[in-house]
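Hi everyone, thanks for coming.

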Amino acid sequence: MAVSQHNLESTAGDPLGVPVGGRPRAAHWLAQIGLFCMPALVLTIPINLLPYALLLLVSTAMVPGLLWQARRMDVEPIKILSWLMLAVLVMGIVSVVQFEQGLRDVDNRSRFLVIPWIALWVCALRPDMRWLWRGALAGLLGTFLLSALQVYQGAPRAELSTNAIVLADIVMMLMVLAVFCRPSRRWSLVIVGMAAGCGTIILTGSRGVFAALLALLVVLALSLRWRTGVARLSVLAGMLAIGATLLLSVPELRHQVRLSELHSDVQRMEQGDSDSSAGARVERLQVAWETFLDHPLTGVGIGHFDTAMKRVPVCRENPQEIRCHLRHAHNDLAEWAATQGVPGVLLLAVYGVPLWVFVRLHRRSGRSTFRGPAAAGVMVVVSYILCGLTQSMFAHQMTASFYVTIVGLLTGLSIVEGARHRAENAP
């Protein structure tokens, strides 16, 4: 009876506005704080997503009936993502059982369970998307300051509480949120956030994020309502030319981004030496392909790419070789194919399905420009795909947790935005 009273109380006002009533309103504000904390704290504190998770849990426990009602707002996207969640979990469990591994190896995949929960949570409590944008800006600025301090104190690369590559990847996602979740007339703050994000990426020395950064800049230039498309692309080309000139001509920047190291890696690969950053990545791609051909149906077991590396002579002769124990393939498709075979290749759906959902939600959002939660969702997925060319994104707790969390949040925000648009245009 108490739950139904809260439900009636919370829907007495605008059904798409802020929930009314004491407990629903308190849960709504906890949700807004959580929306801010998720991007603001993910990199700036060692416990990253724990504050957000606690707010999610507490606010859900306050009004569980509202979440159950929210499933009626737009059931199709949540249903599709729920089927994806089940498929990912089943495939992971099958691999674990088949190779008699511990459940720890499927831990990162189990995080997909929260996607429908988070989407319903947003639909029920309807937090303002501006809090997500503010959190992204706070996260970018805080991360840059902490990274600059770490490098100033003598660290060769900014890593904070994770590693340099993961740090650069998550910063890239915060930049996407800062750009596409922006309110109107906030360009000055967006530019500050972008500058802070680019500065952090340079301090990490990570090069694998550059493709996603270029995609972000191109889509941003094309989506702006400023003169002609040619003029926008010309401005973008000028900005990229200036950035490239600075990176190539300033020794400190060239050293920090490790461009000289990349040239050396290529020369060593030409001589047959794979013991370098770039060489090890190419070697792992070759190992993944050969492993897939040998075990096309099952792979070598989820989370056990190091087993596949034993086919490399140096890894058999010298088991202590560092590049033989990196735990994953540094490429999503290579990792999944080598460890799970053909079913692993089907894991491309973890990107394809959310991308399709966000494209559909954007078309129904009523927006005439490429902006808003669905547009941000499209670019987050595209950025994960591009970063996944040089990194196994689901082999790390932080990138896996961030992906499922942001997909759930942006799906919920997109559903609410679309429902509001349809309500405003109803006869």
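**Charged pairs and nonpolar cores**

Let's start with Arg-364, which makes a salt bridge with Asp-74, with 2.7 Å between the closest N and O atoms. By salt bridge I mean a side-chain nitrogen of Lys or Arg within 4 Å of a carboxyl oxygen of Asp or Glu. This one connects distant parts of the chain, 290 residues apart: Arg-364 is in the loop between α19 (349–363) and α20 (373–387), and Asp-74 is in the loop between α4 (64–70) and α5 (75–98). The helices here are DSSP runs (H or I, at least four residues), numbered from the N terminus.

Before I go on, a word on the source: this is a predicted model, where local features need pLDDT of at least 70 and side-chain atom pairs count only at pLDDT 80 or more, while totals for chains, interfaces and linings use all residues. Residues are numbered from 1 along each chain as its sequence is written, and side-chain values use heavy atoms, with hydrogens and water left out.

Back to our pair: is Asp-74 buried or exposed? Asp-74 is buried, at 9% relative accessible area, while Arg-364 is partly exposed at 29%. Buried means under 20% relative accessible area, exposed means over 50%, and partly exposed is in between (1.4 Å probe, protein chains only).

Another one joins Arg-284 and Asp-306, at 3.8 Å from N to O. Arg-284 is in helix α15 (residues 277–294) and Asp-306 in helix α16 (residues 305–308), so this pair ties together parts 22 residues apart in sequence.

Shared partners join Glu-290, Asp-294 and Arg-311 into one network.

Now for the nonpolar side. A nonpolar core is a set of buried Ala, Val, Leu, Ile, Met, Phe, Trp, Tyr and Cys residues joined through side-chain atoms within 4.5 Å. The largest one has 95 residues, and Trp-121, Leu-132 and Phe-402 are among those with the most contacts inside it. Helix α9 (residues 164–180) gives the most to this core, 14 residues. Apart from that core lies another, of 12 residues, including Phe-305 and Met-309.

Definitions and conventions
Helix = DSSP H or I, 4+ residues; strand = E, 2+ residues; numbered from the N terminus.
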